[in-house]
Amino acid sequence: MPSVQTSLILPSCNEGDKLRLTVESLLAHTDGEFEIIVIDNGSSDGSSRFLETPFDRRVALLQFDHRLGVVGARHAGAARARGEFLVFSDAHVLYPEGWLQPLLAELVGDVGLVGPALANWGQPEGAV
């Protein structure tokens with residue numbers, strides 16, 4: 001199994017089409033060796049169904065028929081992760097080209113946690 005530098009962990013509960021858009025955005029705009037772990041946190045809308053059949057070797061789906069909550073889902077994803085770095089994200093985020101390397105570059109010295117800029121789904125130019 002190839003090495004993985006980064007594990008991208010996405011808890012999801014009833015995210016609709018946004019989950020697929022998020023996964024496609026990550027696949028298109030993430031550099032390096034990575035894996036995406038989607039944790040279906042008891043969804044009833046079928047939003048993770050597209051991942052039940054072979055989708056992309058870098059994407060894994062963990063399904064639960066009950067809600068773990070966001071923290072429980074993140075823990076389940078972290079337990080499955082193979083990466084040296086863990087990136088926790090929501091399942092309704094669009095990523096720009098080259099987003100990961102600047103984030104990882106901040107992990108130097110005593111820095112053990114960094115966070116990205118955030119923007120409204122419909123207004124990505126308004127990042128804070």
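Throughout these legends, contact means that heavy atoms lie within 4.5 Å. The model is predicted: local features need pLDDT of at least 70, side-chain atom pairs count only at pLDDT 80 or more, and totals for chains, interfaces and linings use all residues. Residues are numbered from 1 along each chain as its sequence is written, and side-chain values use heavy atoms, with hydrogens and water left out.

**View 1. The whole chain, read from end to end.** Three helices and four strands make up the secondary structure, with helices (H or I, at least four residues) and strands (E, at least two) taken as DSSP runs numbered from the N terminus. Along the sequence the pattern is β-α-β-β-α-β-α. Of the 128 residues, 35% are buried; here buried means under 20% relative accessible area, exposed over 50%, and partly exposed in between (1.4 Å probe, protein chains only). Look at contacts between residues at least 6 apart in sequence, and 70% of them join residues at least 24 apart.

View 2. Four strands line up in the order β3-β2-β1-β4, with parallel pairing; two strands pair if DSSP finds at least two bridges between them. β3 (59-64) and β4 are the edge strands, each with a single partner, so one side of each has no neighbour in the sheet. On average, neighbouring strands are turned by 20° against each other, direction ignored. Between the parallel strands β2 and β3 there are six bridges, and D40 stands opposite Q63 in β3. Helix α1 lies across β1, β2 and β3 and runs at about 170° to β2. Helix α2 (residues 69-80) also packs on the sheet, touching β1, β2, β3 and β4, and its direction makes about 145° with that of β2. For these angles, axes are lines fitted to C-alpha atoms, for helices over the stretch in contact, and values run from 0 to 180 degrees between N-to-C directions.

**View 3. I36 and the nonpolar cores.** A nonpolar core is a set of buried Ala, Val, Leu, Ile, Met, Phe, Trp, Tyr and Cys residues joined through side-chain atoms within 4.5 Å. The largest one has 19 residues, and those with the most contacts inside it are L8, V23, L26, I36, V38 and W99. Two or more residues each come from β1, α1, β2 and α3, and α1 gives the largest share, four residues. Setting aside neighbours within four places in sequence, I36 is in contact with L8, L10, V23, L26, L27, R58, V59 and A60. A second, separate core of six residues includes I9, I37, I39 and L62.

**View 4. T30, a buried residue in a loop.** T30 sits in the loop between α1 and β2 (34-41), and its relative accessible area of 8% makes it buried. A polar atom of its side chain lies 2.7 Å from the backbone oxygen of L26. The side chains of T30 and W99 make a polar contact at 2.9 Å, that is, a pair of N or O atoms within 3.5 Å; within protein, one must be able to donate a hydrogen and the other to accept it, and residues adjacent in sequence count only if both atoms are side-chain atoms. Not counting residues up to four places away in sequence, T30 touches L8, W99 and L100.

**View 5. Two loop residues, N14 and D90.** N14, in the loop between β1 (6-12) and α1 (17-29), has a positive phi of about 55° although it is not a glycine. D90 belongs to the loop between β4 (85-88) and α3 (100-105) and is partly exposed at 37% relative accessibility. Leaving out neighbours within four places in sequence, D90 is in contact with L10, T22 and R74.
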